[in-house]
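Hi there,

Here is the structure I promised to pass on. Have a look at it first, and my notes follow below.

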Amino acid sequence: MAEAYLRQGVLDHLHLDARAVREPGEARVALCERRFVGKVSLRGRPTKRFLAAVGQALGFEPPVAANTAAGKGGRAALWLGPDEWLVVTPPGSAGETAEALRAALKLQHCAVTEISDGRAVIGLSGARAREVLMKGCPLDLHARAFKAGHCAQSTLAKALVILHQTSDQPAYDIYVERSFADYLWAWLEDAAAEYGPAIVQG
Amino acid sequence: MGVQRQRLAEGGRIDRGHSLDFTFNGKRYTGYAGDTLASALLANGVMLVGRSFKFHRPRGILSAGAEEPNALVQLGAGARSEPNLRATQVELFDGLEAASVNCWPSVRFDIGAIGDRLSRILPAGFYYKTFMWPARLWPRYESLIRGAAGLGRAPEAADPDRYEKRHVHCDVLVAGGGPAGLAAALAAGRTGARVILADEQNEFGGALLGLRATIKRGRALGWVADAVAELAALDEVRLLKRGMVFGYYDHDYLGVVERVTDHLGPAAEPGTPRQILWKVRAKQVVLATGAHERPLVFADNDRPGVMLASAAQAYVNRYAVKPGERVVFFTAHDGAYQAALDLADAGVRIAAVVDLRPGPEGRLINKVRGRGAEVIGGHAIVAVHGARRVSGVEIMRLDYTANGVLGAPRRIRCDLVCMSGGWNPALHLFSQSRGKPRFDPEQACFVPAESARAVRSAGACNGAFRLADCLAQGFAAGAAAARDAGFGDGEPPAAPKAPEPESAPPRPVWRVPSIGAKARGNKHFVDFQNDVTAADVALAAREGYDSVEHLKRYTTAGMGTDQGKTGNVNALAILAQVTGAEISDVGTTTFRPPYTPVGFGVLAGRCIGKLWEPARLTAIHQWHRANGAVFEDVGQWKRPWYYPREGESMDAAVRRECAAVRTSLGIVDASTLGKIDIQGPDALELLNRVYTNAWDTLEIGRCRYGLMLGEDGMVFDDGVTSRLGKNHYHMTTTTGGAARVFAWLEEWLQTEWPSLKVYLTSVTTQWAVVAVAGPNARRLLAELCRDIDLSRAAFPFMSWREGTVAGIPARVFRVSFSGEVAYEINVQSSHGLALWQALMAAGAKYGVTPYGTEAMHVLRAEKGYIVVGHDTDGSVTPLDLGMGWIVSAKKRDFIGRRSLIRPGIARSDRKQLVGLLTEDPREVLPEGAQIVSEVRPEPPMPMAGHVTSSYWSPALGRSIAMALLQGGLARRGETVTISLAGKNVRAEVTEPRFYDPEGERLRG
């Protein structure tokens, strides 16, 4: 691992730290960049053997229900397809998670690829967070249809995203191709403007 | 200042305590809150509001709603100006400015009206017949015609308002908030279903707002208020007033435009969106869109003062405006009689009710007679007097066929004619949903038949014109829709009573006969907005345009901004009559969204300015920006194009950047290259199938260039793929092709080759890529990298090594796109900027020079390296490129192989890639320039090929070009001519390799 100071968050050029408030207070929408979240792409057919091996490596089995997430101990696995998951890990731990997965799946056909830096993560939360997403995401995000623990791949404005609802507050983690992050952040700030968004620490 | 002399002293849904000033065609008037522009104009005695499109005939207000064909106005001035709004739907606000869209120099004196006198020579198809020849003059004719006929003007300044979009899902969408729609929303909403009720008007109630109807022994509007209050209290019901459902698309996806602040004008709070586009995905849809009253097609039925009966009724009841003092009703059914009573109660004198039916009888009719009005059965209006305002009508007895009239005309003095031909259900959304209408001969109108989607129709749009039926159908449709969406048992609530007198159906007389010169019928208007008459319809049929779709296009009936809401059914019925067909066989034309026009602003929403299109940025972007890079768009990426120094031209910057690479050291951000991580035991097999060359011999640690073809054998993409491990490869693609290649490979794997055990992962943005190139590249790298042996032998061209560069874990690929020794250093993106800065710092002593895409292109062209999509265009094979060496003869198959062996593809006279050296070395050919095989004084000349890449080569000190030339591979040494505007340039055909053709430098 290279010296940490050599690393750049995707949105560092926007100096979000300087704009961040400590207490979002009554803000109806809060936004942040979650820097350096670890991400591992996991591919494999969800056989019992595969799920058990992954379970052994992660401490929990990856979900097999479409568009759901499972997690434990700061790590989560987001179902993206019948043979595809995004494993999310705390900053700095994607490498060891990937190694653990490779070791556990050594004799099986699979692909474990670290993609931590390929995607940015934007956190969006607050009472009006859902309304912000409705301005650009065609999914049904109504509380009856999309709840904490649900995830989905969709478009938000003109960017492809993975949307993961992390709480019923509601709060969402938005995964977006790193190169689109500057655009998507600008779009989110614009969409949230009417709700007086607060920028918070990631 | 005008006086509201036609305003009633009491009644109506207007606020007399809140008066509003406005101007129309420059003149000042006042109206009240609750008025539309049309009702306020009528209150001020203004009936003449515009000129017709083709004949420039004076036109008045016809309707009180969305179907209005005449009262089209340009609203506001400057950047907010909006054309073609229907005055009948524009809510009045203080300071409103409006002007007629189609009259110059003024509405009262209109030069274009000469078109009316010339109307004998302006029949249907006039443009097609007259302005066909000579064809080269058409652009001039067109601009003159457009100038004379234009409808409104688009503002030229940027729209200053904010528009928003919202995606929303619901169980039941109800379109239309009249009695049927409210009932449907209540029935569905009470089950707990998610319901959206959208209505285009400023308040719910639909047609009830213009009627004096009764529900449950009380005023119908009392019931409406209760219903709205109940709906508003339901958590899962969303009420969108001023929300027009304009389009019904596949999968029950509907568009609604909510006009949030249009009605406030300048009083709107800044920052509030002016309009919101609701993109609704509904499980079930209830259409309760009502009906439009059908005009009667009689002689001079377009005179200002001829109005739909229901409109006059709405002006009296809803807006407390008398549209005239002395009215003649002209009707085909009972519907007009209630309107007559309402007008009479408002103090309008009923001069006569002219009924097309021979002996109209019934309670309503007797009531009208009881008010002293003359009811004249079996008669028709044969002439209307008055140019700018109706002054009277002539009536005659109908013969028994209703195709002719008898006896002597009788003149009746009036200033208002209210016509009622019956009702046309508003089938627009139903038809857009691919529903099939059928003709109901009993009611003489089209009604919904088969639905193609999860849609129900209720109320007047379903042919139910009685209030009690509207309510019952609405409740039933709402309950059933909710049930089908998973809520409730489908049992409708009991519908309240809504007593109405019995009403007899209309007698359809599609073209009302007339006499004298007018019998030619060329002034029986069918389509008011586009000035199409009954005679035009007949003419079209005579000339063979006897399908309804041909009729529409030939006469332009229904092609105005109103899409023929008032005219279409009359037009097709007259067509049926003329051709002797049944109306049901003639059918309707296709209804298309939007129901009424939608502004571009709301369709664009926030996708404007910086948010118009995503700008994809690399991890090093901010450095490029800070260091003065000029950017080029490559797909959605922003790539540095060149880095000008202060006062430096682009040419000079590019020459400097190229020279640095050739003589010392250049550095380029190559992060945008597509990258695909390939893993699995069948990874090698996949490569062999998608690339033209063989991959079996590629060892771990080595790289190989590959070409991908489409199934047609044409070059699709190219790039270098490296072997990372036994079953692990790293593929690169072109920047622009990355997404396309990834999707293409996934498609093959998922649909054709599911048995291949291989997984693909896009890692394009996982890695930042910095290429260092030039004679000093190795020296620089050696300083920053201690764990890779960089010697020629240990790290040869086309191999890769893993190590650390400037303390950062990296994969270093020794590949070259410049022809110099070069290393592409890949690090995780979050380290990209640190890597770049380290290379810049350490490279300073070598004069390290950042270079952009332009220098990159010059360098690669000097080497004759192609760029897919630049030197190829989807019609170029590897053989055309002289790259037969990369097409494996041994492999059994690969994508495109079969196409390559077809004789046409192997022909020697195809366009093939060559180099071009101009005779004058200073001449840089424009890309795209044509190589001609015969020089003529002016084009067209026979074309033999075209220039694909062309640059000034600093290394050679002259221009170079690549071109696709017919039979080019065999034409080396020939001289060809390139024809440019104003001159011809001669050039020698060469190999497309200009610099270090042996490749000694890059292997060095």
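Is I700(B) buried or exposed, or does it fall in between? Please keep in mind that this is a predicted model. With 13 C-beta neighbours inside 10 Å, I700(B) comes out as partly exposed, because a residue counts as exposed at 12 or fewer and as buried at 20 or more. You will find I700(B) in the loop that runs between helix 19 (683-690) and strand 35 (703-709) of chain B. Setting aside neighbours within four places in sequence, I700(B) is in contact with R723(B) and G725(B). Y729(B) lies 29 residues from I700(B) in sequence, with 9.0 Å between their C-alpha atoms.

Next, a pair of helices in chain B. Helix 12 (residues 534-542) packs against helix 13 (residues 548-555) at an angle of about 120°, and their axes are 10 Å apart. That angle makes helix 12 of chain B oblique to helix 13 of chain B, and the crossing is right-handed. Helix 12 contributes D536(B), V537(B) and A540(B) to the contact, while helix 13 brings L551(B), Y554(B) and T555(B). By type, the residues of this contact are four nonpolar, one polar and one charged.

Finally, helix 11 of chain B, which covers residues 467-484. Its 18 residues reach 26 Å from the first C-alpha to the last, close to the 26 Å expected at 1.5 Å a residue. Helix 11 is mostly covered, with 16 of its 18 residues buried. After helix 11 comes G486(B), which has a positive phi near 100°.

Key
Residues numbered from 1 in each chain as written. Chains lettered and ligands numbered in written order. Predicted model: local features only at pLDDT ≥ 70, side-chain atom pairs only at ≥ 80, totals over all residues. Helix = DSSP H or I, 4+ residues; strand = E, 2+ residues; numbered from the N terminus. Expected span 1.5 Å × (residues − 1). Contact = placed C-beta atoms within 7 Å. Axes fitted to C-alpha atoms, helices over the stretch in contact; angles between N-to-C directions. Parallel < 35°, antiparallel > 145°, perpendicular 65-115°, else oblique. Left-handed = near helix turned anticlockwise from the far one by under 90°. Nonpolar A, V, L, I, M, F, W, Y, C, P; charged D, E, K, R; others polar.
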